[in-house]
Amino acid sequence: MSVPILLVTGFLGAGKTTFINGVLQADHGLRIAAIVNDFGSINIDARLLESATDEVIGLKNGCICCSLQGDLLRTLKRVMGEAERPELIVIEASGVADPKGIVDALMDPVLWRSARLDGVVCLVDAEDVTADPGRLDDPLWKAQVAAADVVQLSKTGALRADQVTALTDRLAALGRHRVLGADGSARDFAALLGFAAAPSPGDGRARVEAADRFEMLEWRSEGAVPMAGFQALIQALSPALLRAKGFVAFREKPGQQFVFQLVGRRATLAPADTAGQGCELVLIGERGKLHVPAIRAALDELGR
Ligand SMILES: Nc1nc2c(ncn2[C@@H]2O[C@H](COP(=O)(O)OP(=O)(O)OP(=O)(O)O)[C@@H](O)[C@H]2O)c(=O)[nH]1
């Protein structure tokens with residue numbers, strides 16, 4: 001019997017890792033392997049999921065929809081060859097991936113006999129799309145939604161019920177997928193899986209090439225940074241940032257690392273629940289909007 005694969009896609013910061021965390025921690029008793037792809041060299045998502053499941057494999061430094069397709073297939077074959085095979089495999093695409101490249105790779109007929117793509121869920125940040133309806137015309141965003149069997153809304157908490165209904169109707173009209181709200185119902189696997197019967201030849205459309213559209217800065221420091229200086233720098237950068245995340249240590253809080261998250265203008269800091277030291281940060285913006293050398297110099301100055 002082949003093992004089902006759930007592919008989780010969605011734009012930068014849409015809520016993929018948060019959603020997967022919920023899936024992993026739900027009361028299902030399944031042995032789940034999670035494969036997560038960060039397109040930079042720092043495995044932030046893998047670390048965020050590490051305490052939630054038996055096996056988390058981070059694929060980094062590229063996108064599994066294009067440059068890392070081979071790595072993805074090798075990883076799946078290795079996981080399926082383990083003595084304790086998983087009963088479900090969850091793959092998190094990076095926020096810049098067109099899932100088409102991943103779906104095509106998973107149609108490998110040899111792989112299909114042991115692990116089959118059984119559902120594609122696309123996370124949509126309800127707050128972001130409501131505030132910026134132009135997102136609906138973004139080719140990468142459209143490709144991610146178009147690939148989905150299920151669209152799962154995230155971040156509906158700050159919206160009115162009528163706004164959620166309007167967005168749900170709008171998204172439902174875009175494709176063949178079901179649209180689920182943020183009530184946790186999608187963590188019921190019956191809603192997420194069971195879409196695949198056999199490998200299919202794909203839809204023939206060209207993959208949206210998006211990696212060049214974004215610019216990324218990665219920064220590491222063995223030491224801590226001052227909290228006020230860090231917050232002031234992030235606030236100054238936030239108009240140019242689409243997404244930032246990572247682990248930060250503050251001089252004022254020795255021995256504790258924090259998870260830093262920024263999506264659009266909203267930033268959060270929360271104590272990290274896995275051990276680590278120093279800072280590891282990823283900042284992402286549209287190409288041309290981030291002044292990478294100046295930002296790196298400002299971060300280095302904070303870390304001194
Ligand atoms: N209020 C609220 N916040 C959410 C929800 N889902 C995600 N977030 C927050 O949004 C931020 C980004 O969430 P992630 O789950 O890391 O998003 P992602 O899609 O995995 O991000 P990338 O992998 O970087 O593209 C974090 O600060 C989350 O806590 C939600 O349903 N409600």
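Which residue in S10 does Ala 249 stand opposite? Ala 249 faces Gln 257. The model is a predicted one, in which local features need pLDDT of at least 70, side-chain atom pairs count only at pLDDT 80 or more, and totals for chains, interfaces and linings use all residues. Residues are numbered from 1 along each chain as its sequence is written.

Strand S9 (residues 243-249) pairs with strand S10 (residues 257-263) in the antiparallel sense over seven bridges. Strands are DSSP runs of E with at least two residues, helices are runs of H or I with at least four, and both are numbered from the N terminus; two strands pair if DSSP finds at least two bridges between them.

Five strands make up an open antiparallel sheet, ordered S8-S12-S9-S10-S11. Strand S8 (214-221) and strand S11 (266-271) are at the edges with a single partner strand each, so one side of each has no neighbour in the sheet. From one strand to the next the twist averages 15°. Helix H11 (residues 292-303) packs on the sheet and touches S8 and strand S12 (279-286); the directions of H11 and S8 make about 20°. Such angles run from 0 to 180 degrees between N-to-C directions, with axes fitted to C-alpha atoms, for helices over the stretch in contact. Contact means C-beta atoms, placed from the backbone, within 7 Å.

The largest nonpolar core has 82 residues, of which Val 8, Ala 34, Val 90 and Val 124 touch the most other members. Such a core is a set of buried Ala, Val, Leu, Ile, Met, Phe, Trp, Tyr and Cys residues joined through C-beta atoms within 7 Å; buried means 20 or more other C-beta atoms within 10 Å of the residue's own. Strand S5 (residues 115-125) gives the most to this core, seven residues.

Methods
Contact = placed C-beta atoms within 7 Å. Buried ≥ 20, exposed ≤ 12 C-beta atoms within 10 Å, placed from the backbone.
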